[in-house]
Amino acid sequence: MNIDPHQIEEKITDRTRAIMPVHLMGKPAEMDSINDIAKHYGLFVVEDAAEAHGATYKGNNVGSLADMGAFSLYIAHIVTTVEGGIVTTDRSDFAEILRSLRSHGRACKCESCVLNRSSSYCAKRFSYGDSMDIRFIFERIGFSAKMNELEAAIGIGNLDIYQKILSKRRSNLYYLISQFKLFNPYLATIEKEPHEEIGPHALPIVIQEEASFTRRQFVRYLEKKGVDTRTLFSSMPTQCAGFKYLDHSLGDFPNAEYIGDQGIHIGVHQDIGRRECDYILNVISDFISKKKRSRRVKIVSDHQSPSRHSKRGKT
Ligand SMILES: Cc1ncc(COP(=O)(O)O)c(C=O)c1O
């Protein structure tokens, strides 16, 4: 479900500045190939690790594999501050710009603010001129994206239980993945490869073309049985009105659009365990059996009545 490195080069133009691979559902993107391409074309790489907390690729943490990595701390994620996020980078020049950007583009961008310490003396404060306080000089257009103390306290509390959360969710996710072959060829999910650990955000499911049911029917069944679902976003520029101005046409991103139209994800929360995972698997299994049975009945009845078969088309 991640970016296909084989299709990156053909999309690079003289306006391309960066590649932004998403570690979708916590599964690391193919970073070696992506970094090779970026190096060849002189591009930056920014990892979207929003939902990939705890994921590793060839022994290294996601978020440390490129120029920058962005993690979401929104409530749906493994570590949360309710809202907010983190950008990781090992470049101090990028870190300075990021600190400025999060605070309206201010010139004031030290790692730690001495003005908040007891001496309150800052040698840089009037370095722009006697009447110019560095705190109110804006070097660039920025955002207001500062984390407040309450959010930070929640995040620090989360860190205390992070390993526990991670291992519980990972065991749920890996168990569900290991059983998922049962639903071949109707449903597919991600696989864990030997060189990686997946950040256990959720279990993605994509309805395959072989299925005789729609996503809506599947979702309705799961939710009636108490299994909550979300779609797999449908957030390509061709699927969201806000990006019309980019002038893409439906079909420009066939794989991602398909996943957006036919995908869902379901939770692997740390408060569920093997019993609940088995329940989820049984619900899916029952749904597929029911659909298979109703399909068989239709095929049989169509077979008995060829005139109806031609009218109905595919069952
Ligand atoms: C892949 C991905 N990128 C970006 C975001 C946005 O994160 P935030 O809501 O913290 O801005 C999300 C949110 O869940 C996400 O899943």
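The dialogue below walks through a predicted model, from its overall layout to its sheets, its domains and the surroundings of its ligand.

Student: How do I read a sheet, and in which order do the strands of the four-stranded one lie?

Tutor: As a general idea, the strands of a sheet pair through backbone hydrogen bonds, and the pairing can be parallel or antiparallel. In this model, four strands form an open, antiparallel sheet in the order 7-9-11-10. Strand 7 and strand 10 (230–231) stand at its edges with a single partner strand each, so one side of each has no neighbour in the sheet.

Student: Why is strand 9 described as largely enclosed?

Tutor: The reasoning rests on counting neighbours, where a residue is called buried if 20 or more other C-beta atoms lie within 10 Å of its own. Six of the six residues of strand 9 (residues 202–207) are buried, so the strand is largely enclosed by the rest of the structure. Both of its faces are covered, with Ala202, Pro204 and Val206 buried on one side and Leu203, Ile205 and Ile207 buried on the other.

Student: Which strands make up the three-stranded sheet, and which of them are at the edges?

Tutor: That open sheet has the order 4-3-8 with antiparallel pairing, and its edge strands are strand 4 (60–61) and strand 8 (196–197), each of which pairs on one side only. Strand 3 (residues 56–57) is joined to strand 8 by two bridges, and Thr56 stands opposite Glu197 of strand 8.

Student: Where do the domains lie, and how many residues of each are in contact with the other?

Tutor: The domain assignment gives domain 1 as 1–105 + 140–160 and domain 2 as 170–315, and their C-alpha centres lie 28 Å apart. In the contact between them, 17 residues of domain 1 meet 12 residues of domain 2. The side of domain 1 that touches domain 2 has eight nonpolar, six polar and three charged residues.

Student: Is Lys290 buried or partly exposed, and where does Lys290 lie?

Tutor: Lys290 lies in helix 7 (residues 274–304), and it counts as partly exposed because it has 13 C-beta neighbours inside 10 Å. From Gly26, Lys290 is 264 residues away in sequence and 32 Å away in space, taken from C-alpha to C-alpha.

Student: Finally, which residues are around the ligand, and what classes do they belong to?

Tutor: The residues around the ligand are Val22, Asp48, Ala50, Glu51, Ser72, Tyr74, Ala76 and Gly85. Sorted by class, this shell has four nonpolar, two polar and two charged residues.

Conventions: Residues numbered from 1 in each chain as written. Predicted model: local features only at pLDDT ≥ 70, side-chain atom pairs only at ≥ 80, totals over all residues. Near = placed C-beta within 6 Å. Nonpolar A, V, L, I, M, F, W, Y, C, P; charged D, E, K, R; others polar. Pairing = 2+ DSSP bridges. Buried ≥ 20, exposed ≤ 12 C-beta atoms within 10 Å, placed from the backbone. Domains from an automatic or database assignment. Contact = placed C-beta atoms within 7 Å.
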